[in-house]
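Biologist: Please put the model up, and then let us go through it together.

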Amino acid sequence: MPDAARLEYRNVTMRFAERSGKGRLTAVRGVSLSIADAEVVSLIGPSGCGKSTLLNIGSGLTAPSEGEAYVDGQRVAGPNAHVAFMLQKDLLLPWRTVVENVMFGVEIQGVPPTERRRRAQNLLEKFNLAEFSGHYPHQLSGGMRQRVALARTLAVDPHVLLLDEPFSAVDAQTRIVLQRDLAKTLREAQKTALLITHDLLEAVTLSDRVLVMSRRPGTIVDEIRIDMPQRDDPLARRADPKVNAYVARLMDRLDIAHASLEQPPAGDAA
Amino acid sequence: MNDAMRKGAGASAALLIVFLAAWQWGPGLLGVPAFIVPPLSTVAREFVFAWQVDHLLLHTLVTIGEVLAGFILGSLLGALFGYLLGMSPTAEVALSPYILALQIAPKVAFAPLFILWMGFTVYPKILVAILIVFFPVMVNVLTAVRTVDPDLINLARAFKATRAQIFWKIEFPTSMPPMFAGLRIGATLAVVGVVVGELVGGNVGLGYLLTFGEGQADTPLVFVSIVMLTFVGAIAYLAVILIERRVLHYLPARAIGGNL
């Protein structure tokens with residue numbers, strides 16, 4: 001099984017220098033996880049538990065203090081063309097049109113111009129954005145911008161998508177539409193994804209598995225396999241009563257009922 | 001053009017007429033002698049005379065040339081240092097006390113020194129303009145490079161961008177709007193730098209014409225020089241705004257540079 005994993009973390013620990021400059025702060029401790037090809041796994045946990053740190057390690061932007069990450073069995077030693085990430089912020093460049101923004105990644109990777117444009121146009125058509133390809137980002141709604149960001153992420157044809165709360169900044173209705181688009185795309189393109197989210201329902205409806213992290217130092221305290229069909233149709237899953245049982249279990253594992261707002265994680269560093 | 005703009009433009013034109021009328025007849029009505037405030041018609045006659053006899057066009061063109069050279073060189077140097085210091089915290093820490101000292105020193109005070117060094121040529125004037133344009137451009141570019149969203153840089157890095165790609169595809173375009181804000185300030189300051197240089201020493205340029213008029217007690221000529229200097233400054237400012245509108249065309253429809 002480990003050999004078939006698309007994305008794998010082996011005993012990853014991450015420590016940061018504390019802001020006071022004195023001690024070291026452990027953000028993530030001994031995290032091991034493995035995601036198979038075309039599998040979608042969500043990661044949930046209290047804020048500051050190091051979820052985003054894991055994502056940065058997976059994309060090769062930061063090196064872990066201990067342990068290592070692997071993509072397709074290759075150790076991650078820096079940014080990797082097979083991994084692409086998407087954040088809550090759309091990070092669209094205001095001076096580029098929609099189609100130019102979608103081409104940003106492939107352009108950096110040196111894909112020839114005609115091939116770049118072909119890929120971008122295909123993705124824009126798929127996401128119903130073809131008529132906006134010449135628009136600038138400020139002319140689009142938040143949901144459309146996030147869809148452009150998703151197209152940019154897919155344009156580099158990555159094996160693994162790392163998604164850090166990609167829809168948490170859009171309104172509830174747009175979020176449902178974007179979740180449906182993402183679920184469909186991930187299934188059609190057979191992509192592997194690690195999705196960080198605060199939205200328990202989103203985790204349950206979009207994933208094959210949900211991993212629960214503890215407060216800092218973040219470790220994985222539970223793994224829940226979502227035993228439901230239609231991973232490509234979150235709306236159908238929402239309608240399934242089984243969802244409630246999963247959400248209840250996640251709430252229980254996160255201890256949300258007993259959590260109080262008076263206990264923020266000391267010196268937040270998400 | 002909306003209603004507010006139409007009304008504003010109308011009021012603006014009316015103000016101009018009131019101002020010109022006050023200039024023409026105000027001094028006479030208030031008993032101000034013509035050698036203190038010459039009326040509009042006298043200044044207009046002086047303009048024609050200066051054009052025909054005093055080589056007004058030549059003086060204006062020399063001043064424009066100096067402003068242009070000082071503005072372009074000062075902007076290029078300012079942008080260059082802004083990018084270099086923005087990308088190298090070490091260089092910024094090392095150089096910032098000296099840059100700050102030079103920024104605090106009144107640049108026009110260097111004019112006599114430059115004239116001592118370079119004589120009654122165009123170079124001291126250009127040098128004062130360079131010095132004075134340098135800072136607003138440098139500071140704006142430096143701040144822009146410093147405040148680029150780190151997530152944008154990480155996005156590019158995740159796509160395996162090289163350092164040069166990060167600069168040309170992210171940092172450089174991000175710095176454009178603040179850089180143009182600096183250029184707009186620089187365009188008007190360049191005229192100040194050049195005029196001070198011409199006032200201090202020389203025999204050509206609108207600043208020279210100004211001191212020449214003063215020496216002759218030729219108040220209308222002084223007025224003509226001031227009007228021409230304002231004209232040169234306005235042209236420089238408008239040129240920057242026109243370029244800015246083309247370069248920053250992607251920004252939301254807010255009028256760049258307001259209505260000016």
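This is a predicted model: local features need pLDDT of at least 70, side-chain atom pairs count only at pLDDT 80 or more; totals for chains, interfaces and linings use all residues.

Biologist: How many bridges pair β7(A) with strand β8 of chain A, and in which sense, parallel or antiparallel?

Modeller: Strand β8 covers residues 192-196 of chain A. Its pairing with β7(A) is parallel. The number of bridges is five.

Biologist: Which residue of β7(A) is the bridge partner of Phe85(A)?

Modeller: Look at the pairing of β6(A) with β7(A). These strands run parallel and are joined by four bridges. For Phe85(A), the partner in β7(A) is Leu162(A).

Biologist: Is strand β7 of chain A buried or exposed?

Modeller: The strand spans residues 160-164. On one side sit Val160(A), Leu162(A) and Asp164(A), and on the other Leu161(A) and Leu163(A). Both faces are covered. Five of the five residues pass the burial test, so the strand is largely enclosed by the rest of the structure: buried.

Biologist: Which strands stand at the edges of the six-stranded sheet in chain A?

Modeller: The sheet is open, with mixed pairing and the order β6-β7-β8-β3-β9-β10. Its twist averages 15° from one strand to the next. An edge strand here has a single partner, so one side of it is left without a neighbour in the sheet. The edge strands are β6 (83-86) and β10 (220-225).

Biologist: Which residue of β9(A) is the bridge partner of Leu43(A)?

Modeller: Strand β3 (residues 40-44) and strand β9 (residues 209-213) of chain A run parallel. Four bridges join them. In β9(A), the partner of Leu43(A) is Leu211(A).

Biologist: At about what angle does helix α9 of chain A run to β10(A)?

Modeller: The helix is residues 242-254. It lies across β3, β9 and β10 of chain A. Against β10(A), the angle is about 175°.

Biologist: Which helix gives the most to the side of domain 1 of chain A that touches domain 2 of chain A?

Modeller: Domain 1 is 2-82 + 160-254, and domain 2 is 90-157. Their C-alpha centres lie 25 Å apart. The contact takes twelve residues from domain 1 and ten residues from domain 2. With six residues, the helix that gives the most to the domain 1 side is α6 (residues 172-188).

Biologist: How do the residues on that side of domain 1 of chain A divide by class?

Modeller: Charged residues number one. Polar residues number two. The nonpolar count is nine.

Biologist: Which element gives the most to the side of chain B that touches chain A?

Modeller: In this contact, 14 residues of chain B meet 17 residues of chain A. Two elements of chain B give two or more residues: α7 (150-158) and α8 (163-200). By class, the chain B side has nine nonpolar, two polar and three charged residues. With seven residues, the element that gives the most is α7(B).

Biologist: How does α3(B) lie relative to α9(B)?

Modeller: Helix α3 (residues 56-87) and helix α9 (residues 206-215) of chain B pack with their axes 8 Å apart. His59(B), Thr60(B) and Thr63(B) of α3(B) make the contact with Leu206(B), Tyr208(B) and Leu209(B) of α9(B). The angle is about 130°. That makes α3(B), relative to α9(B), oblique.

Biologist: How far apart do the C-alpha centres of domain 1 and domain 2 of chain B lie?

Modeller: The assignment gives domain 1 as 1-32 and domain 2 as 40-247. Between their C-alpha centres, the distance is 31 Å.

How values were computed:
Residues are numbered from 1 along each chain as its sequence is written. Chains are lettered from A and ligands numbered from 1 in the order in which they are written. Two residues are in contact if their C-beta atoms, placed from the backbone, lie within 7 Å. Ala, Val, Leu, Ile, Met, Phe, Trp, Tyr, Cys and Pro count as nonpolar, Asp, Glu, Lys and Arg as charged, and the others, Gly among them, as polar. Domain bounds come from an automatic or database domain assignment. Axes are lines fitted to C-alpha atoms, for helices over the stretch in contact, and angles run from 0 to 180 degrees between N-to-C directions. Angles under 35 degrees count as roughly parallel, over 145 as roughly antiparallel, 65 to 115 as roughly perpendicular and the rest as oblique. Two strands pair if DSSP finds at least two bridges between them. A residue is buried if 20 or more other C-beta atoms lie within 10 Å of its own, exposed if 12 or fewer, and partly exposed in between; C-beta atoms are placed from the backbone.
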